[in-house]
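Have the model open as you read.

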Amino acid sequence: MATEIHVNGAATSSDWQDRYYHVDQILDRPGPRTDPSFLAGDEVKDFLRNKCKILVIGAGGLGCEILANLALTGFKDIHLIDMDTIDISNLNRQFLFRPADVGRPKAIVAAEYVMKRVPGVKVTPYYGKIQDKDDDYYMQFNLVICGLDSVEARRWINATLVNLVDSENPESLKPLIDGGTEGFKGQARVILPTVSSCYECSLDMLNKPTTFPICTIANTPRLPEHCIEWASVLEWPRVRGDEKLDTDDPEHIGWLYSIAVARAKEFKIEGVTWSLTQGVVKNVIPAIASTNAIIAASCCNEAFKIATSSAAYLNNYFMLIGTEGVYSYTFEHEKRDHCPVCGGEALEMSISRDWTVEQLIELLTERQTIQIKKPSLATPEKPIYFQQPPQLEESTRPNLEKKVSELVPDGGEVVVTASSLPFSLSLIITYT
């Protein structure tokens, strides 16, 4: 039972004798790899346990592990954002949830569970999107840790934290620790916005999503995945029109599942399941609990080192490969000069004079180093093609069939934006 005692000179009602005995072995004295700014003793312990405010984004398989690790390490002011609700399929690895929690918001349930099991820790949940919060919200944190399964969300928070940095205000630099897993593989990285390589700098390292030819899924399906793609890519827009597919909505997934099952039955294909349907439309890789545990431990280790300066933090990329044995590798990922988020330089792009605007948009969508979904294009003087709002899309739609060379001079600038990303990409167009 928790009693009121004095810890590090401050009275608390939740700490007990020797609660942090093992952690204090690190914080009570400097070590051989200690940062020169490290001040051993009560001051650093007071900052960690009473002043440091940390944001965790994502309360899934990785996020559950991260939350538990942070709480047990001594972080006491944790904020949590997650937009998902608990599905029964989460229970095999997301250990903060129970069958009775199915259907409830992950952020709220995870916060309740951690606060119940670890006395003295305050977890403030937010059930919603990271895009709902403004710059002032993110400015309050000392650290941000991501345990996300979405590339778009990572790109958004990365750009937001880079944009926060004010060279005259050192407190505006918020270290970002990003963790990710894919089956038996995982990675953890430390991003110091504007100082080190950012998430956008490494887009070319991502695996391209698996795609299936339209002719195959429309005419000759052979796999259960073909039936699911047919339901989502062809039948959804045909039957439900302009209604946007929400891959987090159980009703939408259920509709796709029933359509895919009927399609599979027609072509005598077995293997269409609810979980496979969810996996295909969300491009989900099966999660491995042990991989989550290792990557979460790495992320929290870096958070502890940054918060306390007790040891040198990761510079700046850690990879784990567990497909054959266990292999790990650490390296420094370098900044990209043409990175649209942290690079500051325009990207030179050489295309054929015969290319249409539509072909340029396809290139921007598919190129590994860019990967902008639904890009809008403009020159400094006029719009070329805008995806939104509908009236502007309609008025600029005729430009899709025009040659880029008719609208942009050789060496001219094209500004690329997307509603899902808080930054713009500047292209310098040359012709071959």
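Asn 316 sits in the loop that runs between α11 (289-308) and β9 (317-321). In this predicted model, a cis peptide bond joins Asn 315 to Asn 316, with omega about -10 degrees. Pro 389 belongs to the loop between β13 (383-385) and α13. These bonds are worth a look because most peptide bonds are trans, just as most residues other than glycine have a negative phi.

Lys 268 is not a glycine, yet its phi is positive, at about 55 degrees. You will find Lys 268 in the loop between α9 and α10 (274-281). Gln 371, also a residue other than glycine, has a positive phi near 45 degrees, and its place is the loop between α12 (357-366) and β12 (376-378). Is each of them buried or exposed? Lys 268 is exposed, with a relative accessible area of 76%. Gln 371 counts as buried because its relative accessibility is 16%, and the cut-off for buried is under 20%.

Now to the charges. How many salt bridges does a search of the whole structure find? The search finds 16.

| Acidic residue | Basic residue | Closest N and O atoms |
| Asp 24 | Lys 45 | 3.9 Å |
| Asp 101 | Arg 104 | 3.8 Å |
| Asp 354 | Lys 403 | 3.5 Å |

Take the salt bridge of Lys 45 and Asp 24. This pair links distant parts of the chain, with Lys 45 in helix α2 (residues 42-51) and Asp 24 in helix α1 (residues 21-27), 21 residues apart. Both Lys 45 and Asp 24 are buried.

In the pair of Asp 101 and Arg 104, Asp 101 is buried, at 12% relative accessible area, while Arg 104 is partly exposed, at 30%. Turn next to Asp 354 and Lys 403, which also form a salt bridge. Asp 354 lies in the loop between β11 (347-351) and α12, and Lys 403 in the loop between α13 and α14, so their pairing ties together parts that are 49 residues apart in sequence. Asp 354 is exposed, with a relative accessible area of 52%, and Lys 403 counts as partly exposed at 33%. Salt bridges with shared partners also build one network out of Asp 24, Asp 28, Asp 42, Lys 45 and Arg 49.

Some charges gather in a patch instead. Which residues form the negative surface patch? They are Glu 358, Glu 362, Glu 366 and Glu 401. Glu 401 is in the loop between α13 (390-396) and α14 (404-407), and it counts as exposed because its relative accessibility is 70%.

The last stop is His 252, part of helix α9 (residues 250-266). His 252 is buried, with a relative accessible area of 6%. Leaving aside residues up to four places away in sequence, His 252 touches Trp 236, Arg 240, Glu 243, Lys 244, Leu 245 and Asp 246. Between His 252 and Glu 235 there are 12 Å in space, C-alpha to C-alpha, and the two are 17 residues apart in sequence.

Methods:
Residues are numbered from 1 along each chain as its sequence is written. This is a predicted model: local features need pLDDT of at least 70, side-chain atom pairs count only at pLDDT 80 or more; totals for chains, interfaces and linings use all residues. Side-chain values use heavy atoms; hydrogens and water are left out. Patches are made of residues with over 30% relative accessible area and no salt bridge: like charges are joined within 9 Å, nonpolar side chains (Val, Leu, Ile, Met, Phe, Trp, Tyr) within 5 Å. Accessible areas come from the Shrake-Rupley method with a 1.4 Å probe; for residues, only the protein chains shown count as cover. A salt bridge is a side-chain nitrogen of Lys or Arg within 4 Å of a carboxyl oxygen of Asp or Glu. Lys and Arg count as positive and Asp and Glu as negative; His and the chain ends are not counted. The place of a charge is taken as NZ of Lys, CZ of Arg, CG of Asp or CD of Glu. Helices (H or I, at least four residues) and strands (E, at least two) are DSSP runs, numbered from the N terminus. Buried means under 20% relative accessible area, exposed over 50%, partly exposed in between (1.4 Å probe, protein chains only). Contact means heavy atoms within 4.5 Å.
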